Protein chains: 4
Amino acid sequence: MARGLIGRTGLVTELKELRELPLPPVELFVFGGHELSGVTVTEAARTFGRRAGLVTDRLLEALSGDLEAAQAEVRPGFPTGPVRSMRGEGRAAPGPRAAVAAIQEDLRSFRERHELSEVVVVNVATTEPLAEPRPEWSSLTALRAALDDDRAEVFPASMLYAYAALEAGLAYVNFTPSVGASVPALDELARARGAVHAGRDGKTGETLVKTALAPLFALRNLKVLAWEGYNMLGNPDGEALRDPKTRGAKTTSKDRSLKSILGDGVGHSSVHIDFVPSLDDWKVAFDYIHFEGFLGAKMAMQFTWQGCDSALAAPLVLDLARLAAFSHARGASGALDHCACFFKDPYGVDVHGFVAQHELLRRWAATQRDSESGGATRARAG
Amino acid sequence: MARGLIGRTGLVTELKELRELPLPPVELFVFGGHELSGVTVTEAARTFGRRAGLVTDRLLEALSGDLEAAQAEVRPGFPTGPVRSMRGEGRAAPGPRAAVAAIQEDLRSFRERHELSEVVVVNVATTEPLAEPRPEWSSLTALRAALDDDRAEVFPASMLYAYAALEAGLAYVNFTPSVGASVPALDELARARGAVHAGRDGKTGETLVKTALAPLFALRNLKVLAWEGYNMLGNPDGEALRDPKTRGAKTTSKDRSLKSILGDGVGHSSVHIDFVPSLDDWKVAFDYIHFEGFLGAKMAMQFTWQGCDSALAAPLVLDLARLAAFSHARGASGALDHCACFFKDPYGVDVHGFVAQHELLRRWAATQRDSESGGATRARAG
Amino acid sequence: MARGLIGRTGLVTELKELRELPLPPVELFVFGGHELSGVTVTEAARTFGRRAGLVTDRLLEALSGDLEAAQAEVRPGFPTGPVRSMRGEGRAAPGPRAAVAAIQEDLRSFRERHELSEVVVVNVATTEPLAEPRPEWSSLTALRAALDDDRAEVFPASMLYAYAALEAGLAYVNFTPSVGASVPALDELARARGAVHAGRDGKTGETLVKTALAPLFALRNLKVLAWEGYNMLGNPDGEALRDPKTRGAKTTSKDRSLKSILGDGVGHSSVHIDFVPSLDDWKVAFDYIHFEGFLGAKMAMQFTWQGCDSALAAPLVLDLARLAAFSHARGASGALDHCACFFKDPYGVDVHGFVAQHELLRRWAATQRDSESGGATRARAG
Amino acid sequence: MARGLIGRTGLVTELKELRELPLPPVELFVFGGHELSGVTVTEAARTFGRRAGLVTDRLLEALSGDLEAAQAEVRPGFPTGPVRSMRGEGRAAPGPRAAVAAIQEDLRSFRERHELSEVVVVNVATTEPLAEPRPEWSSLTALRAALDDDRAEVFPASMLYAYAALEAGLAYVNFTPSVGASVPALDELARARGAVHAGRDGKTGETLVKTALAPLFALRNLKVLAWEGYNMLGNPDGEALRDPKTRGAKTTSKDRSLKSILGDGVGHSSVHIDFVPSLDDWKVAFDYIHFEGFLGAKMAMQFTWQGCDSALAAPLVLDLARLAAFSHARGASGALDHCACFFKDPYGVDVHGFVAQHELLRRWAATQRDSESGGATRARAG
């Protein structure tokens, strides 16, 4: 995109209502990260190209230097969670205290090396197994105590990265259903350190459609008798979801939106996720909605969504990086409510209808435009 | 409903945000009308019961007195438009001037007979063939001149009823794709006479879904390459639509919403309507949406909607009668912008996204609640 | 049907190729049975009428005498298997030996009371939990020994009825996925006693479509990458299937056909069944088929089937009763191969393609017609 | 395929039941043809690669020599029918007599140049407008007289090629809905000249599914109330179908199969075809089937087929070339009934059910295998 090789379709920040804000341009982005699997950025791009048919050999060639540059900024991650086919050795599993310190050191050195004004940490790792909420997650004091005591059982891997980023005063985005920063203790941390966070679980497919459609039934006073959702995935995400605990994290997050929009009125609902290897990076969702109208008439609607998971997610990750960097630079702290439309399970916002969520973003953008009088700064963000 | 025999599912005015307004209760409604086909109210209810399976013999029996009372208030209509299987003879086709006078006389006598505080005229007749817009429709002066000259070619039947109602200072609602009051001249008439109007073309099925879904693509910056809609109908409406001119009226109205939400971005779109007799009162819509995302990924969504047309429409007709009567009693005049969410092609409002349209209604309701300080009057409306 | 109140749509035995055989007419049928739940025939019909909207009050009234007559021939069943909401007390659970004897006594007295030339026992009970195959099922000698020893763990309830019927030299049909007579020992018994049997698991919906469609892929040499089937049921059958063991019996039976037609070529396949109460007697199946063609092109087909379970099953039960009685009267014994088209999992026949299965029936009918030279006997069958 | 670069998925002649016949191997095929549009074989392959994403740059490169060799054997066609974007000049439109002579000369020289034992002419051109049947098509004598008189109005372009091939004693296959050899006069010609023909209209998508599914309803004695088919195409074929006359040729051919399988029992049926440019070489069909079962239960099935048109058609063209060459070499003449399964509208065969059609092919293959005793000849076919 920065090189003008592909267009900007799919980027929310390129919509008219956001384009006028001085968001950091993707041209200034520097990419790095933590990776556990040992697969390089170039290999991942090549695999995606082969599986989804969207990245041609020509494009890969034109980007080979950029992909290598990004790879040079990739550090080994920490071996927790359901990661398969691990090729590299990872770092020897440290306690949470050491892990947080190591992540922060990686972030600091990345920032200095590239002289970045903003660093945004985005969780796009494979989903963690669903963890039971812990009392320590409720207050920063308790969580800090657990960290000081190096109690590993309190910290899912996703939370370590969130903690590291927020304590360092940086921006953190959680695009997965893993816990990340979606607990009061980390929100408190963000506010205390002038950091921002947004999450969780990027809304790219079935739930996106659900939250666009469910208000139709609510606002026409139609009674939803049943909403059954069947998802088929072919990528490693789908494979990880064969583990019932991981799947639990995902389906819980997917189901919450519906309940929130339709209230107790839903007679029956369920969300299934199946791994169908031949689909590769494609995702097929079939939803059946049974509803009742006037005179007790039972009616039905069904939809099928066939989307390329990565092509739907990638532009939103760029959007969130731009919005988080910008919000942080403008002095925001804590959860970014205006980013609710990007997530299946937006932290701290009880607005789930998609149009209503976007309205939060649009209004925020209007406020930001109004508050500009002169010194708009275009930050170099990484 | 007034007798407590059926519930209120499907009524928008029973939603929390509207329930608190002192809208005229359906218990006070008196029903009458004009009918061209000679089919009685009881016969129509019985046929609907048999076709849609929703009205039991028991319900028909319990309502036999009410249906007969309504039938007693039915007057012959005026034989224009594509009306089939006409059993009664209708009135001898008069010129527009005489027709308007006769309709007004019917309305006046209906109102007096029942001592009604409000009368709402609702067009639920079979769709007229699509008429080419005429210059006389642009200004009240020109239209009045055409009426004085008794120029029949200027006045589709639907417009005669609209004219009669609005000139008499009453409320007029157009639930069909026919012209009705959806021209500047009649809006001018409404304003001049302190009358209100709302229309046109009740949004009950495919277009309802379209206008709930299309914002998803717009707000995610996804490019809609094609949106193909196929509708199958089994009731007399479907039969009338076999006439290409009538179908034209309908498909034009259905397509407009999409264009308005997605702008010029839609590569290709079409709307088909077929008459499939075995469906009876049921309506099946299949829509295929082809869209492009990041990296040029071509993705697809499809939905099927299976609804009972009359069960979806009936509660909205009650809603509109309540809202029009209430608005008129509160002193409104001209087009009722807050009723946009009920229509495929809302007059004078360029908001087509369904959630955004409902927001207009919600905000209006909030204003109405705020402006209440004491003297809320529950009107007797017919 | 016997009274001319409803038509014969859905009866396979009314097809041209079968109509010419002197099958026992439904007019001569006498109905009886064993029931565990305590629900009467009339109650069941009324409930079905209310849930599926197909049996009107008028029809129930016209049949009240017949339903009561059938009810008079209903005997309490034996309390085994996952039967819920049992209202009656059942007989005190006897050992298998006593149960077989009691069932046979019921059958004998039923037959004598009505002077029936043929009696067909049809299993239409709720599906049993999937039982692990037992060595005793493999030979009649071993099974008889287990019965003599009264070893209850060897005999699922469905097998007791099958044993009782076949040993008495009668016809037995298993319309459920339960074991019934689908084991070598019972086939041996049938042959030894001049009895006939047919089963198992009536093919009424998703599997019917699957076995009609799968040959398309096989015969066009298209590679099926994935075939995912999702079933939603609302009736008590669906409720029983919430028990994973019961569901196992069903999905195994549903999946077998596909494997048989497509061989090892299927990359991935699964069958899901969900209980969706609002569907009542309706069944919705959604299947997604991912397949590969020339040049590695990945293509997809999907279908949705919305059927009334009982309305699809009932005529097939009549068909099977007619065919089993006729075949038995004509001297057949053992499994009725020509009835394979009625079952998801036909015993002893490895033809699963639906058209090919029907061809077995058509050819059998041709043979039967040819072999008729005079003495066609119309049996009185119960 | 001949070079081992792609597999044989999608070829019917590679099924077990046909693989054992000594059909001419694709390795011996030589390709040539007539083309009107001026687009070269290489350009067409490149365009298809870009549009359908199935032909990679690498494959095109590996085949560049082969494509050029094929192009060297392409001769200009005759400018008739609805051909758009014609780039070459074509030959000056000759009368039918001269056209037939010229085509025959092209075929003769092609055959000699490559020393081919068999030549198969396959019509894969854009569909012609539907022509009214003419009396001259009914007898060879009448058709010959019309040719002698050079009466152009008697000969659609497709018929000229068919006439030329058959009169030269060659094999002719019509993969399009155009007339080709599907008239008695040309069948007579084939028989007289020891030539073979097969057609018409390759069955690759919606009709394939229809003819696999329709027997399900017929053989279960379910009454089809309505079968509505909606097709969306993006390739030049779809564009040509915007012409209502061309579309007529196609929809007639598609509808015939259904009527044949279901008889007069179909309450309502229709076939729509729309041009949806963004689909490129992909074809989406949506069919809605409304049917009635026992107790008058109205049920529904729907399916969506998403296929790559060319990837579905190409292997069948190879199959037909192999089968036609083989049948001809074995001494067949006239219509090849055993090829009915390849066509929507098989000439002279009233078997439309797909499985039953394939059975004709399987049985023929069995006969051919049995009749082999020694001298199987592998012909060099072009």
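1. Arg200(A) sits in the loop that runs between β5 (196-199) and α9 (206-219) of chain A, and in this predicted model the peptide bond that joins Gly199(A) and Arg200(A) is cis, with omega about 0°. In chain B, Arg200(B) likewise lies in the loop between β5 (196-199) and α9 (206-219), and a cis peptide bond joins Gly199(B) and Arg200(B), with omega about 5°.

2. Asp280(C) has a positive phi, near 50°, and is found in the loop between β7 (268-275) and β8 of chain C; with a relative accessible area of 16%, which falls under the 20% limit, Asp280(C) is buried. Asn221(D), for its part, has a positive phi near 55° and belongs to the loop between α9 (206-219) and β6 (223-233) of chain D.

3. His197(D) is placed in strand β5 (residues 196-199) of chain D, and it counts as buried because its relative accessibility is 2%. Its side chain makes a polar contact with the side chain of Asp187(D), at 2.7 Å. Leaving aside neighbours within four places in sequence, His197(D) is in contact with a set of residues of chain D, including Leu166(D), Tyr172(D), Asp187(D), Leu336(D) and Tyr347(D).

4. Ala98(D) lies in helix α5 (residues 96-114) of chain D. Between Ala98(D) and Ser260(D) there are 162 residues in sequence and 39 Å in space, taken from C-alpha to C-alpha.

5. How large is the area that chain C and chain D bury between them? The value is about 4,700 Å², and 71% of it is on carbon and sulfur atoms. Across this interface the rule finds 0 salt bridges, whereas 12 residue pairs are in polar contact, with both residues at pLDDT 80 or more. The elements of chain C that each supply at least two residues of the side touching chain D are α9 (206-219), β8 (282-292), β9 (298-308), α12 (309-329) and α13 (354-371), and the largest share, 11 residues, comes from β9(C). In terms of contacts, 60 residues of chain C meet 60 residues of chain D.

6. Chain B can be laid on chain C by a turn of 180° and a shift of 0.0 Å along the axis, with an RMSD of 0.0 Å, which is the relation of a two-fold axis. Of the residues of chain B, Gly53(B) comes closest to that rotation axis, its C-alpha being at 3.6 Å. Because 100% of the interface residues of chain B are also interface residues in chain C, the copies meet through the same surface.

7. The confidence values should be read alongside these points. The predictor gives the complex an ipTM of 0.93 and a pTM of 0.93, and chain A averages a pLDDT of 89, with 91% of its residues scoring at least 70. Over residues 81-90 of chain A, however, the pLDDT is below 50, although this stretch has 21 contacts in the model beyond near neighbours in sequence. Residues 373-382 of chain A also stay under 50, and for them the model has 30 contacts beyond four places in sequence. Where pLDDT is low, the predicted coordinates should not be read in detail.

Definitions and conventions
Residues numbered from 1 in each chain as written. Chains lettered and ligands numbered in written order. Heavy atoms only, no water. Helix = DSSP H or I, 4+ residues; strand = E, 2+ residues; numbered from the N terminus. Least-squares fit on C-alpha atoms with pLDDT ≥ 70 in both. Contact = heavy atoms within 4.5 Å. pLDDT = per-residue confidence, 0-100. Buried area = accessible area lost by both parts, 1.4 Å probe. Salt bridge = Lys/Arg side-chain N within 4 Å of Asp/Glu carboxyl O. Polar contact = N/O pair within 3.5 Å; in protein donor to acceptor, adjacent residues only side chain to side chain. Buried < 20%, exposed > 50% of the residue type's maximum accessible area, 1.4 Å probe, protein only.
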